[in-house]
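Here is a short report on one protein chain. Keep the structure in view as you read.

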Amino acid sequence: MDLDEQVGDYLEQAEECLVADDNKAEFYLLKFLELNTNTKKRSKAYLRLGEIYQRTKQEDLSDLYYRKALEEDPENKEAEEHLKLKNE
């Protein structure tokens, strides 16, 4: 498996874990971010981390990762919406 396949695999595994295991999903997302430079995919990973931290009541971390998602992709509507809802 080449590096691009391995990096993509981390994102896929994280998405699968989001439903059942936030800790495992967090691990795969952070690993993905270590290895990936594609801004759109990084934005998605940051968004998912923000959702994990919001679910686990870690509000400062969820805000941080939603903002990082928007830094990577200013058109990330999901991240924008999450921040908007949190600040209402």
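## The chain as a whole

This is a predicted model. Its secondary structure amounts to 5 helices and 0 strands. Along the sequence, the pattern reads α-α-α-α-α.

The protein chain has 88 residues, and 39% of them are buried. Now take the contacts between residues at least 6 apart in sequence. Of these, 39% link residues at least 24 apart.

## Helix 2 and helix 3

How do these two helices lie against each other? Their axes come within 10 Å and cross at roughly 150 degrees. An angle over 145 degrees counts as roughly antiparallel. Helix 2 and helix 3 are therefore roughly antiparallel to each other. The crossing of helix 2 past helix 3 is left-handed.

Look for the residues that meet here. Helix 2 brings Asp22, Ala25, Glu26, Leu29, Leu30, Phe32 and Leu33. Helix 3 brings Lys41, Arg42, Ala45, Tyr46, Arg48, Leu49, Ile52, Tyr53 and Arg55. In this contact of helix 2 with helix 3, 10 residues are nonpolar, none are polar and 6 are charged.

## Helix 3 and helix 5

Helix 3 also meets helix 5. The axes of this pair come within 10 Å and cross at roughly 30 degrees. Angles under 35 degrees count as roughly parallel, so helix 3 is roughly parallel to helix 5. Helix 3 passes helix 5 in a left-handed crossing.

On the helix 3 side, the contact uses Leu47, Arg48, Glu51 and Gln54. On the helix 5 side, it uses Glu78, Ala79, His82 and Lys86. The residues of this contact of helix 3 with helix 5 split into 2 nonpolar, 2 polar and 4 charged.

## Helix 4

Helix 4 covers residues 59-72, which is 14 residues.

Which residues of helix 4 are buried? They are Ser62, Asp63, Tyr65, Tyr66, Ala69 and Leu70. What do these buried residues pack against? Their partners are helix 2 (22-35), helix 3 (39-55) and helix 5 (77-86).

Note on methods
Residues numbered from 1 in each chain as written. Predicted model: local features only at pLDDT ≥ 70, side-chain atom pairs only at ≥ 80, totals over all residues. Heavy atoms only, no water. Helix = DSSP H or I, 4+ residues; strand = E, 2+ residues; numbered from the N terminus. Expected span 1.5 Å × (residues − 1). Buried < 20%, exposed > 50% of the residue type's maximum accessible area, 1.4 Å probe, protein only. Contact = heavy atoms within 4.5 Å. Axes fitted to C-alpha atoms, helices over the stretch in contact; angles between N-to-C directions. Parallel < 35°, antiparallel > 145°, perpendicular 65-115°, else oblique. Left-handed = near helix turned anticlockwise from the far one by under 90°. Nonpolar A, V, L, I, M, F, W, Y, C, P; charged D, E, K, R; others polar.
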